[in-house]
Amino acid sequence: MAKSKTIITCAVTGAIHTPTMSDHLPVTQTEITEQAIAAAEAGASILHLHTRDPIDGRPSVEPDDYAPILARVKQSTDAVMNITTGGAPTMLIKDRIKAAVQFSPEMCSLNMGSMNFAFHGLAGRYDTWKHDWEKDYILGSESNIFRNTLADIRQAAETLGPLGVKFEHECYDVGHLYTLKHCMDAGLFKAPVFLQFVFGVLGGIGPDIDNLIFMKRTADRLFGDDYRWSVLGAGGAQMPLATTASQMGGNVRVGLEDSLFISRGELATSNAQQVTKIRRIIEDLGNEVATPDEAREMLALKGGDRVAF
Ligand code: KMH
Ligand code: ZN
């Protein structure tokens, strides 16, 4: 039997819920670029990219803060570039899609429902802060509503769909699958859709294997053969859930955006270290990792020659 190929996505820096407190988290454009290239060399075929204010690491959605990263990563790798439209929970969709509109990447993320998105518990881990803004941002997440209304989703679909951008549909709970089904029935998204099941965000579904099976079965029922899927476990759930997903025939996402750690209590020293670890697990357990071109074929992407950067 042919071995199945597993797509590794690496989410390089995040910004929504990723504190800058690890010295290994890339923050400047140079750091993000270097870690993205190293992650691709380690085996990530998709790079999920946020950007940050280069001075103080705040979440940024400014195209100018993406431009040097996209250009340099493209020069050095063949990886699929996936720009977030998540931005930060304090931002509106019109701003969150700006960079994807300008650069027309092969992929961008799309969050499939409004929700609580809380990470205030992280504040208790730190006594001192690198940046003035960060303590209030993290504590303030207890009051966050991460707004992704049906109208927001439609706006992103109608703006980016005609550019041929494929979405990484971030589904944090089972209701988000039904929202996606509704949108597909309305003609907003083309099959195969790419689902990123997200586990372990406070406000979304918990990181239990029962929940992974439940999400997968629900997606099978709703989408049949019209979907591909991947799993993202936040924090300590990252490697265990990625391992399980890869054994179930799914794809995986790792990266410092979703966990700053390489194992319990030990900070990851880079994104590439996490990619190398999950790649080793995938290969040791008998599967193969997809190249960027194989990922393009599996997800029916438009191709790296049709981007605007
Ligand atoms: N870090 C994920 C849990 C986005 O960028 O659109 C959330 C995320 C959202 O990746
Ligand atoms: Zn993200």
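1. In this predicted model, a nitrogen atom of ligand 1 lies 2.8 Å from an N or O atom in the side chain of His-17. Glu-257 likewise places a side-chain N or O atom 2.7 Å from a nitrogen atom of ligand 1, and a polar side-chain atom of His-48 is 3.2 Å from an oxygen atom of the ligand. The protein covers 100% of the 310 Å² of accessible area that ligand 1 has on its own (Shrake-Rupley method, 1.4 Å probe).

2. The largest pocket has a volume of about 670 Å³. (On a 1 Å grid over the protein atoms alone, a pocket is an open set with protein on both sides within 12 Å along at least five of seven lines; lining residues have an atom within 4 Å of a point.) Its lining comprises 33 residues, with Arg-125, Ala-234, Gly-235, Gly-236 and Asp-258 nearest the centre. Helix H9 (238-247) and strand E12 (261-263) each supply at least two of the lining residues (DSSP runs of at least four residues for helices and at least two for strands).

3. The second largest pocket, of about 270 Å³, is lined by 15 residues. Strand E8 contributes the largest share of that lining, three residues.

4. Residues are numbered from 1 along each chain as its sequence is written, and chains are lettered from A and ligands numbered from 1 in the order written. Local features need pLDDT of at least 70, side-chain atom pairs count only at pLDDT 80 or more, and totals for chains, interfaces and linings use all residues, while side-chain values use heavy atoms, leaving out hydrogens and water.

How values were computed. Polar contact = N/O pair within 3.5 Å; in protein donor to acceptor, adjacent residues only side chain to side chain. 1 Å grid on protein atoms, 1.4 Å probe; cavity = no way out; pocket = protein on both sides within 12 Å on 5 of 7 lines; lining within 4 Å. Points joined across faces, edges and corners; volume = space filled by probe spheres on them.
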